[in-house]
Amino acid sequence: MDSYKKLSDLSFKQKMQLQNLYKKEVKGSELSTEEQELLDAYRDEWQSASVQANYLKPIIFLLIVGAVIRVFY
């Protein structure tokens, strides 16, 4: 697991491949040993990034609504 890059250092394409592996796992599809190791290596970091992104969505939405109201009023 030490040989893997940090999640933030991955390219967009690599992040999408990781997301597709996660979706494949959730659907119950069988993963190869290599795919499972890759998913396990990034699981904690992936989940914490997902929680953080979900935490920020309502704040961003409220800021946008506030800006729109300020522009029109």
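Analyst: Setting aside neighbours within four places in sequence, Leu-38 is in contact with Tyr-4, Leu-18 and Leu-21 (contact means heavy atoms within 4.5 Å). The model is predicted, with local features needing pLDDT of at least 70 and side-chain atom pairs counting only at pLDDT 80 or more, while totals for chains, interfaces and linings use all residues. Residues are numbered from 1 along each chain as its sequence is written, and side-chain values use heavy atoms, with hydrogens and water left out.

Leu-38 itself belongs to helix H2 (helices are DSSP runs of H or I with at least four residues, numbered from the N terminus). With a relative accessible area of 27%, Leu-38 is partly exposed, a class that lies between buried, under 20%, and exposed, over 50%, for a 1.4 Å probe and protein chains only.

One partner of Leu-38, Leu-21, also touches Leu-31, Glu-35 and Leu-39, again not counting residues up to four places away in sequence. Glu-35 is placed in H2 and is partly exposed as well, because its relative accessibility is 23%. Under that sequence rule, Glu-35 touches Leu-21 and Lys-24. The C-alpha atoms of Glu-35 and Glu-25 are separated by 9.8 Å, and these two residues are 10 residues apart along the chain.

These contacts form part of a meeting between two helices. In H1, residues including Lys-15, Leu-18, Leu-21, Tyr-22 and Lys-24 meet a set in H2 that includes Glu-35, Leu-38, Leu-39, Tyr-42 and Trp-46. The axes of H1 and H2 come within 10 Å and cross at roughly 105° (axes are lines fitted to C-alpha atoms over the stretch in contact, and angles run from 0 to 180 degrees between N-to-C directions). H1 is therefore roughly perpendicular to H2, a label for angles of 65 to 115 degrees.

The largest nonpolar core has seven residues: Leu-7, Leu-10, Leu-18, Leu-21, Leu-31, Leu-39 and Tyr-42. H1 and H2 each supply at least two residues of this core. Such a core is a set of buried Ala, Val, Leu, Ile, Met, Phe, Trp, Tyr and Cys residues joined through side-chain atoms within 4.5 Å.

The two helices may also be compared with their expected spans (1.5 Å times one less than the number of residues). H1, residues 12–26, has 15 residues and should span 21 Å; its end C-alpha atoms are 21 Å apart, so the two values agree. After H1 comes Gly-28, with a positive phi near 95°. H2 has 40 residues and reaches 56 Å from its first C-alpha to its last, close to the expected 58 Å. A kink of about 50° in H2 is centred on Arg-43, where the bend is the angle between axes fitted to the seven residues ending there and the seven starting there.

Further along, Gln-52 is also found in H2 and is exposed, with a relative accessible area of 52%. Leu-38 and Gln-52 are 14 residues apart in sequence and 21 Å apart in space, C-alpha to C-alpha.

Technical notes. Angles under 35 degrees count as roughly parallel, over 145 as roughly antiparallel, 65 to 115 as roughly perpendicular and the rest as oblique.
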